[in-house]
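Please read the following report alongside the sequence and the model, which are shown first.

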Amino acid sequence: MAGPILELKDLGHGFGDHPVLHQVNLKIQRGEIIALVGPSGCGKSTLLRAIVGTHPPREGKVLMWDGDRPCIVDSPGRERGIVYQRYSLFPHLTAQENVAYGLMVDETETRDRLFRRAWWRNLRKQHMEQAAEMLERMKLEEALHKYPPEMSGGMCQRVAIAQALIMKPSILLLDEPFGALDEATREELQRILLGLYAENEKAKAAGEEPAHTVLIVTHEINEAIFVSNRLVGLSQYWNWQERGRSSCPGATIVYDQATPIFSPDDDRDFLSFRDQKDEILKQVFHTNQLQDPSLYVQAVPEEEETSSL
Amino acid sequence: MIGKKLKRSTARLFSFGSVLLLLGLYTVLSERQQQLHPGDRTIPTWSQLWTGLEYLVEQPQEQEEQAELDLLAAALGEAALADAEKEPRNLLSDRILWEASCSTLSRLLGGLATGLVGGVLLGVLMGCFLKIDAAVSPIMYFASRIIPTAAMPIFFKLAGIEMEMYVTMIAFGSMPIVTLTVSQIVQEFPDELRYKAYTLGASHLEVILTSIFPYILPKVLDLAILMIGPALVYLIAAEQIVAGEGFGYRIRVLTKATRFEVVYPLIVILTLYASILTAALRLMQKKLCPWYKLGGR
């Protein structure tokens, strides 16, 4: 049932003469929760923007699977939900309106809302009910009518996740979403992600397609290991000299391994994955450890023929 | 200590105190002027001001009309008086205040609305589509430096001396600044919110109408409040030159006739109108954009 949902093929990017990403290859399967970590300035956010479609890559392709058919991503689309660290919500809308926003713009057009008033009123009521349900699921029933400035950072991020999830995106992209939050709130939100993975497992067990695929960019390694089932390390510290390069051509993937699975109710015991954390630190973050990315790039299985795209 | 907060009661005490002090100083000054030059009306006493106010709101008596015409003859010359006698109601309406208010406010609101609507539309387009911004912003920047009162003869030539001229002049004076400011505000709209709207399924038009416009609306209303002052400057200057009715016209004629006990109330009433308009826009901002004052800027 689970198949690929997103693939990066030889993706390269840069700004002016400054290369940022080099031959990034990654295939994400439906139902995976993948954490992307890397040193500051390695291009994690640039990679995410390429996937969102706001900054298409200079080289290579981003492919999204719609059923069995891959298609190239070159602009933002509703199948890729995004939650940012800053400006995660529209300030002029309440929590409930923020969550209902996607339903409104996706299911209706301006002229319908203007000229089919009765129809729009009924539909709007349904959207608001759906939004309220989603917010209740995020334990935010008391914040329905609050504006973003009236909510804490953690509440805003939970609303932002609800806003993205209500659209049932093929993949949910999280760009350092918990970076500005206190530790207790971070843990609360990390458990929401574990809850999504648990829902996926339940669906798989029932022979259904897993509903949630998530790519989370974070600089916090413990968090990355705790919430994900797979961790990918992007780094500019790899052995580009051995490839005959005189300067670094950009960051690439130097680490791609499974991580231990936790359930939402498990204790958050960071010591239990200390060895993996040390390994990631050594391979991804240390400037004196020049890794061979081909080991990891080639670890991604070559499956469907997509070269015709 | 610098920036130390005041209690509301203390702040009010200081506000009332300063106003009372000002009124007290004026009273002393006007009484002194009366002692030095009895009957002088350049710094009228409170009773003279009251008479002036009555003159504005009540129908002038016949002899007062004649006195007014004499004053106008002295101020404007016989030729202007001859014109005035052909259409005396243009100069001496039954209720000066009502007539001046209708004329000035309709011109002000017409010009301000035209300038704001045009400026916001163009500014949003410039802010959203940077090719339009590149093409239009140099022209708008140049236009924003033109002083509308200096270009007044051109407006007379192009739009006559009726309502259209005032609307054109105020719109021309305010639109470039509104356009450039709105364009800047739109360009400051966070990229993340724009991208998010697209990922939620919004089209370009939806992004503008449902994300960008509500976001800039409170700032546009702030801008409208700021534009009231310059718009009034352009309008009163034009009315003083060419109008046959309105506050600018009345102030000019009555100043020449040294009827300051009427001029001062006119100025205060004009200021009150501007304050009421400001308060109305603030109320609109509060009702339409309740999130703005919460810190959602």
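## Terms and numbering

Two strands pair if DSSP finds at least two bridges between them, and the elements themselves are DSSP runs numbered from the N terminus, helices being H or I with at least four residues and strands E with at least two. This is a predicted model, in which local features need pLDDT of at least 70 and side-chain atom pairs count only at pLDDT 80 or more, while totals for chains, interfaces and linings use all residues. Residues are numbered from 1 along each chain as its sequence is written, and chains are lettered from A and ligands numbered from 1 in the order in which they are written.

## The sheet of chain A

In chain A, four strands form an open sheet in the order β2-β1-β4-β5, with antiparallel pairing. Its edge strands, each pairing on one side only, are β2 (18-29) and β5 (69-72) of chain A.

Strand β4 (residues 59-66) of chain A runs antiparallel to β5(A) and is joined to it by four bridges; A:M64, for instance, has A:C71 in β5(A) as its bridge partner.

## Where the chains touch

The contact, counted between residues whose C-beta atoms, placed from the backbone, lie within 7 Å, takes 24 residues from chain A and 22 residues from chain B. On the side of chain B that touches chain A, α10 (191-199) and α11 (204-242) of chain B are the elements that give two or more residues, and the largest share, seven residues, comes from α11(B).

## A helix of chain B

Key:
Two residues are in contact if their C-beta atoms, placed from the backbone, lie within 7 Å.
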